[in-house]
Protein chains: 4
Amino acid sequence: MVKEISSSIKDESLIVKRRAQLHKGAVTLFKQKGFHRATTREIAKAAGFSIGTLYEYIRKKEDVLFLVCDAIYDEVKARMKAVIDTDTTSESSLFQAVESYFQLMDELQDEVLVLYQELKALPKDAQEYVLNKEKEMLRLFETILENSYKDVLSQNEITLISNNIFIQGQMWGFRRWVLQKEFSLEQYTQHQFNLLKSQLAHLTQIKQQGGVK
Amino acid sequence: MVKEISSSIKDESLIVKRRAQLHKGAVTLFKQKGFHRATTREIAKAAGFSIGTLYEYIRKKEDVLFLVCDAIYDEVKARMKAVIDTDTTSESSLFQAVESYFQLMDELQDEVLVLYQELKALPKDAQEYVLNKEKEMLRLFETILENSYKDVLSQNEITLISNNIFIQGQMWGFRRWVLQKEFSLEQYTQHQFNLLKSQLAHLTQIKQQGGVK
Amino acid sequence: MVKEISSSIKDESLIVKRRAQLHKGAVTLFKQKGFHRATTREIAKAAGFSIGTLYEYIRKKEDVLFLVCDAIYDEVKARMKAVIDTDTTSESSLFQAVESYFQLMDELQDEVLVLYQELKALPKDAQEYVLNKEKEMLRLFETILENSYKDVLSQNEITLISNNIFIQGQMWGFRRWVLQKEFSLEQYTQHQFNLLKSQLAHLTQIKQQGGVK
Amino acid sequence: MVKEISSSIKDESLIVKRRAQLHKGAVTLFKQKGFHRATTREIAKAAGFSIGTLYEYIRKKEDVLFLVCDAIYDEVKARMKAVIDTDTTSESSLFQAVESYFQLMDELQDEVLVLYQELKALPKDAQEYVLNKEKEMLRLFETILENSYKDVLSQNEITLISNNIFIQGQMWGFRRWVLQKEFSLEQYTQHQFNLLKSQLAHLTQIKQQGGVK
DNA sequence: TATGAATGAGTGTTCATTCAT
DNA sequence: GATGAATGAACACTCATTCAT
């Protein structure tokens with residue numbers, strides 16, 4: 001499950017430091033020009049070191065992309081974890097999760113855009129690796145929904161609603177040209193959450209009526 | 001508003017024919033390797049002609065991408081038009097529109113995938129041109145929602161729900177690795193439409209209660 | 001000595017007509033873009049027919065260049081001949097020859113420019129063929145000088161002065177950016193001829209003084 | 001007035017060294033095949049490096065041509081300067097200048113040939129830049145003539161004679177196929193200088209006689 | 001005869017990657 | 001560890017030439 005990127009450098013802390021530089025520079029660059037249009041020289045420059053040094057920390061240009069993609073979900077998962085661990089059974093916990101997730105998608109919108117548009121450029125095994133991380137993300141929402149709406153939602157509904165939430169978060173970033181003209185992040189979150197609540201409320205109604213009969 | 005791609009060929013019907021070949025070959029190829037990884041020679045070959053002939057019908061590699069992107073919404077719009085013109089005021093018309101749209105997204109899923117992942121590779125003016133077509137598509141859903149739920153939905157809600165429907169259709173294609181494992185197209189359509197109906201039903205309830213008071 | 005360009009067309013008068021069109025269009029084009037930058041399509045268009053037709057009258061692109069180069073000296077020789085045949089022994093005949101020649105170089109300056117800059121693009125045998133025509137031109141001046149200054153000029157001096165006259169004529173065209181800003185053609189002719197006369201006068205003086213001794 | 005050619009190489013001394021290699025190889029090559037027929041790969045090879053390395057030192061193929069053209073007049077000017085600075089008022093100084101110039105044109109005849117035949121292939125701004133350098137060269141001769149024959153020659157005569165000297169020098173190279181068969185460089189120089197002296201002597205005579213009267 | 005669609009070898013140029021310093 | 005000069009495979013694009021109609 002682990003996918004390591006080899007480096008000829010021995011000093012581990014240096015690797016971490018350099019790759020952080022690299023990640024930061026690369027995202028900025030990929031956002032502007034996309035992965036394919038960015039040259040390795042530009043990547044090196046954006047990261048603050050020479051082309052020679054770049055190749056001390058990666059083996060192929062693709063590795064840079066992988067580094068970026070890989071980091072995104074790690075960050076998302078790390079930050080979502082905190083929210084979710086607190087409490088996962090009430091409606092408010094769903095709102096908190098959605099809110100945090102949308103908040104995060106707002107902060108990471110450049111990264112997410114890159115992820116969306118360049119994932120396919122990775123070799124198949126790296127793609128699968130990244131998609132697996134995405135599945136873990138999806139499961140976070142599924143878990144919350146399961147816990148809070150056990151009796152109301154079918155498995156299919158849970159899958160679907162999780163997916164919907166998931167891409168609504170990403171949509172905020174990669175459809176910014178239409179959404180961010182009409183909504184602030186708070187408005188967007190509020191409205192989408194209201195729509196979600198309507199859905200769940202109605203489904204709950206139906207189930208309860210069904211249960212009465 | 002028109003964006004023509006110049007060709008050195010005089011026979012207009014030949015241009016149409018060759019560009020159809022080109023479109024078809026290019027989509028197949030781009031789906032496999034993406035636009036950037038596909039070479040012009042491969043594109044030519046996939047279309048069934050030589051590199052020289054390819055350049056009789058386009059001027060830049062980008063033009064191929066534009067041709068593909070441009071055609072997608074033209075086809076979508078043409079086919080949606082038929083459905084929508086019939087009737088745009090009942091709930092069933094919304095279902096029909098969604099069903100047709102999802103159906104179409106299923107058929108064109110390769111094209112949509114390409115569109116999503118390569119749009120950014122187009123020059124800015126071509127991007128805008130394509131995005132404008134997307135806006136027209138969005139307006140189709142907005143119109144139906146406006147007609148059927150005039151008193152129930154705010155403008156914001158209409159915008160948002162249209163966007164949600166829009167990307168749920170595309171999601172069926174570009175997230176096929178997760179969705180198409182769990183649902184058939186009919187199931188997906190049915191479930192998403194049910195969720196949508198729940199939403200609308202609940203919002204209608206709220207509005208009516210509000211009105212009663 | 002003859003260098004024919006083959007054509008698949010039988011009707012000789014048509015060949016002559018088409019090649020005249022070709023010559024005219026090509027000179028205009030070569031003057032603007034040079035031989036190498038001009039494409040065969042452009043040449044055909046400038047001549048007023050299609051690329052297919054062009055290749056009915058030539059076999060290689062080079063042939064067009066040859067046609068142009070070849071025609072230049074033919075025209076120069078034809079027109080100089082008339083002047084020279086009249087009278088070749090007096091000083092006035094030298095002036096007339098120079099004047100006609102400069103006049104001609106003025107009229108044909110585009111062609112001469114092309115000739116100068118593209119001659120090297122011809123295959124070796126065609127180059128030699130054209131240079132031989134140039135030699136014939138040179139001999140015209142040599143003949144006049146020999147006839148009029150038999151006792152005054154050595155063979156070397158005749159060669160040199162002919163060459164000087166020859167290139168002073170061409171200079172008028174291909175150094176137009178400096179000369180034609182300062183002189184009219186008449187002035188240029190007059191001044192250069194005066195300088196030439198001074199030369200010949202002084203040489204005559206010397207020879208006569210030498211002869212006296 | 002400066003026209004720099006950009007390079008991605010940082011080591012300035014290396015740039016100078018590589019461009020010298022490039023210059024030398026390019027002249028040899030252009031002399032044989034002309035600029036247009038020479039491929040960049042051939043240019044690189046002639047310079048002794050790979051195609052990739054070539055493009056580290058130039059940005060466009062045209063740059064190679066510019067490099068060559070630019071260097072010619074720089075060299076001519078540098079070497080003429082020495083001669084001219086010594087003494088610019090006597091007849092002997094004119095002879096020395098002409099002799100040095102012809103000598104130089106002999107040494108640089110390949111470069112001059114290239115210059116003559118390919119200058120037009122440069123973009124307009126580079127052409128003007130090079131032609132300006134040529135004008136500076138012309139002014140050298142004008143200055144000497146002005147100093148030595150102030151009272152004898154009109155401005156027009158100075159312009160014209162300078163031009164004549166200028167192109168007679170170049171003629172030695174680009175008409176070598178006729179001139180160098182008949183003359184050694186010394187003979188050519190001597191004869192042309194004699195003709196020039198005759199001219200000036202006669203003009204001096206005329207002016208003096210005119211003055212006496 | 002005239003046309004112009006088709007061809008593909010050839011060209012300028014880029015850029016990921018290596019390696020000597 | 002860091003640098004950046006060198007490399008050459010690979011690419012987009014052009015254009016002379018052919019040939020079926």
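Which helix of chain C holds C:Asn163? I found C:Asn163 in helix 8, residues 155–174. I take helices (H or I, at least four residues) and strands (E, at least two) as DSSP runs, numbered from the N terminus.

**Entry 1. Ground rules**

I note that this is a predicted model, in which local features need pLDDT of at least 70 and side-chain atom pairs count only at pLDDT 80 or more, while totals for chains, interfaces and linings use all residues. Residues are numbered from 1 along each chain as its sequence is written, chains are lettered from A and ligands numbered from 1 in the order in which they are written, and side-chain values use heavy atoms, with hydrogens and water left out.

**Entry 2. C:Asn163 and the C/D pair**

I looked up the accessibility of C:Asn163 and got a relative accessible area of 0%, so the residue is buried. Buried means under 20% relative accessible area, exposed over 50%, and partly exposed in between (1.4 Å probe, protein chains only). I then listed the contacts of C:Asn163, contact meaning heavy atoms within 4.5 Å. Residues up to four places away in sequence aside, C:Asn163 touches C:Leu138 in its own chain and D:Met171, D:Arg175, D:Val178 and D:Leu179 in chain D.

**Entry 3. Pairs without contact**

I found no contact between chain A and chain C, and their closest C-alpha atoms lie 31 Å apart. Chains B and D also have no contact, with closest C-alpha atoms 20 Å apart.

**Entry 4. Chain A overall**

I counted 10 helices and zero strands in chain A. The C-alpha atoms of chain A fill a box of roughly 70 × 40 × 30 Å along the principal axes. Chain A has 213 residues, of which 52% count as buried. Among contacts in chain A with a separation of 6 or more, 72% come from residues 24 or more positions apart.

**Entry 5. Annotated spans of chain A**

The annotation "domain: HTH tetR-type" covers residues 16–76 of chain A, a span that is 87% helix and 0% strand, with its end C-alpha atoms 19 Å apart. The feature "DNA-binding region" is placed by UniProt at residues 39–58 of chain A. I find residues 39–58 to be 75% helix and 0% strand, with 14 Å between the end C-alpha atoms. UniProt positions are in the numbering used here, feature names are shortened, and annotations may be inferred rather than shown by experiment.

**Entry 6. Helix 1 of chain A**

The buried residues of helix 1 include A:Leu22, A:Leu29, A:Phe30 and A:Phe35. I followed A:Phe30 further. Leaving aside neighbours within four places in sequence, A:Phe30 is in contact with A:Phe35, A:Ala38, A:Ile43, A:Val64, A:Leu65, A:Val68 and A:Val114.

**Entry 7. Nonpolar cores**

I list a nonpolar core as a set of buried Ala, Val, Leu, Ile, Met, Phe, Trp, Tyr and Cys residues joined through side-chain atoms within 4.5 Å. The largest has 147 residues, and A:Phe30 and B:Phe30 have the most contacts inside it. Another core lies apart from it, with 146 residues, among them D:Tyr101, D:Met105, D:Leu108 and D:Tyr188.

**Entry 8. Two spot checks**

I placed B:Gln127 in helix 7 (residues 124–148) of chain B. B:Gln127 is buried, at a relative accessible area of 12%. I placed C:Glu146 in helix 7 (residues 124–149) of chain C. C:Glu146 counts as partly exposed, at 31% relative accessibility.
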